[in-house]
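Okay, thanks everyone, I'll keep this short.

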Amino acid sequence: MQNLETNLILIVDDTPTNLEVLSEALTEAGFDVAVATTGEGAIKQVEYDPPELILLDVMMPGIDGFETCSRLKANPKTQHIPIIFMTALADTIDKVKGLSLGAVDYITKPFQQAEALARIQIHLKLQNISRALEKQNALLQEEIEERVTAELALQKLTQELEQRVAERTKELSQALHNLQKAQVKLIETEKLTTLGQLVAGVAHEINNPVNFIHGNLEHASCYIRDLLELINLYQTHFPHPTLEIVNKIKQIDLEFLRLDLPKIVSSMAVGTQRIQEIVQSFRNFSRHDEAEVKTVDIHEGLNSTLMMVDHRLKAKPGYPAIQIIKEYGNLPLVECFAGRMNQVFMNILSNAIDALEELMGNTESFGSTLSPTIRIHTEMIGSDRIAIRIADNGPGITAAVQKRLFDPFFTTKPAGKGTGLGMSISHQIVVEKHNGSLYCISNLGKGAEFVIEIPIHQKNLSASIWCESLDLSQNSIQSQASPFIAQI
């Protein structure tokens, strides 16, 4: 491309008088002037020293102005130079022919000096604007390439984030699998005293990767927000992208990505926070550091246990959510083995959920208007005892089953789904270890209610009692571990 600072105008005319008049006018206007008397000469001179603009006579010996214009426009090196035809012809057909060949204007002979200068200056300004636009387009192309690079970087960041989340999730799943195996082993070897320590240790190990993911999600969210803001700036300042970019925007559905990506990161943050809450509930539930009788809030234990089974209460395809109704009374702090009482709550709640799921699975007996419900009621009995009532509106329990409900190894569940130890151990914890009572009230088809009664103050109880042979049911321990997998 020619030098942008040139001020040269080429006049091509075979009439000396015309050359002299135009040259003098243009020189006085501050332009540099070059002249040629033939079309062939003009073409050679343009290739050697390209002008800013060419004034080209139509009628010349040799090749005429139309042919000269056609050759100049056919040459990539000279096709950008604006050409103004000079002619005495007033025929519209000739003017249209010249313009169709690439000329930008006509000056009619005899010349009107002011008009000619005005036309020349206008087309020079248009030429300068065109060059500025070309430069701007080049800059725009560079910025578009930078934007594509930024989008690729964003995609790479998203892929890396997804990979890291997948890796951490895999680690958590493996840790949870190991936890389940360890808990089953505890059932087989009757090692209740080590369960609390194991749970606390695994909870601690789970906390480390979860906290790592949760902390980095905040930074990732900021990075994604910055990149999206950068994309918005590009679209604001360069609202007319190339066709390739428009197609890419449609292909990746940029607007949906812009809305959905922050939601994905936000949902992952909510998920990690949920895992942290479950781990804390697990710690509260196990109460491994409370091997002795301590004064506790029974409602806190109930809430922690509900957190453990929360995943089983939610709606599933074909199953409505199980509603929990809390009717908590005004209870004082109660002396008990908190972790053991939580185990009782877990066994009873798990059995209630199993019963409701069985009922909901039977479409013939489960009415469409029936809402599966578990009601938890606490109250004072006299001045020295409390009662915890856990009732469901499930299928109920037959009289024959109620007689054997607390027998060791008795279960109504299919083989492999129950050991028959859950209610037996719960009865032992309440009756033998807390001087309380545990009994069931049920009628077939009208649900079941389990009532736990224990004194507010315990006497002559110590942790040594638990060193004999207390076991956990397989269903209960699996219920403790499964919330982690369900939440992940």
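Setting aside neighbours within four places in sequence, Ile298 touches Leu331, Val334, Cys336, Phe345, Ile386 and Ile388. Bear in mind that this is a predicted model.

Now zoom out a bit. Ile298 belongs to the largest nonpolar core, which has 41 residues. Ile298 is also among the residues with the most contacts inside that core, along with Ile348, Ile374, Ile386, Ile388, Phe450 and Ile452. H11 gives the most, with eleven residues. As background, nonpolar side chains tend to be buried together in soluble globular proteins. There's a second, separate core too, with 21 residues, including Ala42, Ile43, Val46 and Ile81.

Okay, back to H11, and how it sits against H13. The two helices pack at an angle of about 145°, with axes 9 Å apart, and H11 passes H13 in a left-handed crossing. From H11, the contact uses Arg340, Met341, Gln343, Val344, Asn347, Ile348 and Asn351; from H13, it uses Gly422, Met423, Ser426, Ile429, Val430 and His434. Sort those residues by type and you get six nonpolar, six polar and one charged.

How many salt bridges does the structure hold? The count is 13, and I'll show you a few.

In helix H3 (residues 65-74), Glu67 and Arg71 lie four residues apart, about one turn of the helix. Their side chains meet in a salt bridge at 3.0 Å, N to O. Both ends are partly exposed, Glu67 at 33% relative accessible area and Arg71 at 41%.

Next, helix H5 (residues 113-189). Arg168 and Glu171 are three residues apart there, so about one helical turn separates them, and they form a salt bridge at 3.2 Å, N to O.

Then there's Arg258 with Glu255 in helix H8 (residues 254-286), again three residues apart, with the closest N and O atoms 2.9 Å apart. Is Arg258 buried or exposed? Arg258 is buried, because its relative accessible area is 16% and the cut-off is under 20%.

Terms used. Residues numbered from 1 in each chain as written. Predicted model: local features only at pLDDT ≥ 70, side-chain atom pairs only at ≥ 80, totals over all residues. Heavy atoms only, no water. Core = buried A, V, L, I, M, F, W, Y, C linked by side-chain atoms within 4.5 Å. Buried < 20%, exposed > 50% of the residue type's maximum accessible area, 1.4 Å probe, protein only. Contact = heavy atoms within 4.5 Å. Axes fitted to C-alpha atoms, helices over the stretch in contact; angles between N-to-C directions. Left-handed = near helix turned anticlockwise from the far one by under 90°. Nonpolar A, V, L, I, M, F, W, Y, C, P; charged D, E, K, R; others polar. Salt bridge = Lys/Arg side-chain N within 4 Å of Asp/Glu carboxyl O.
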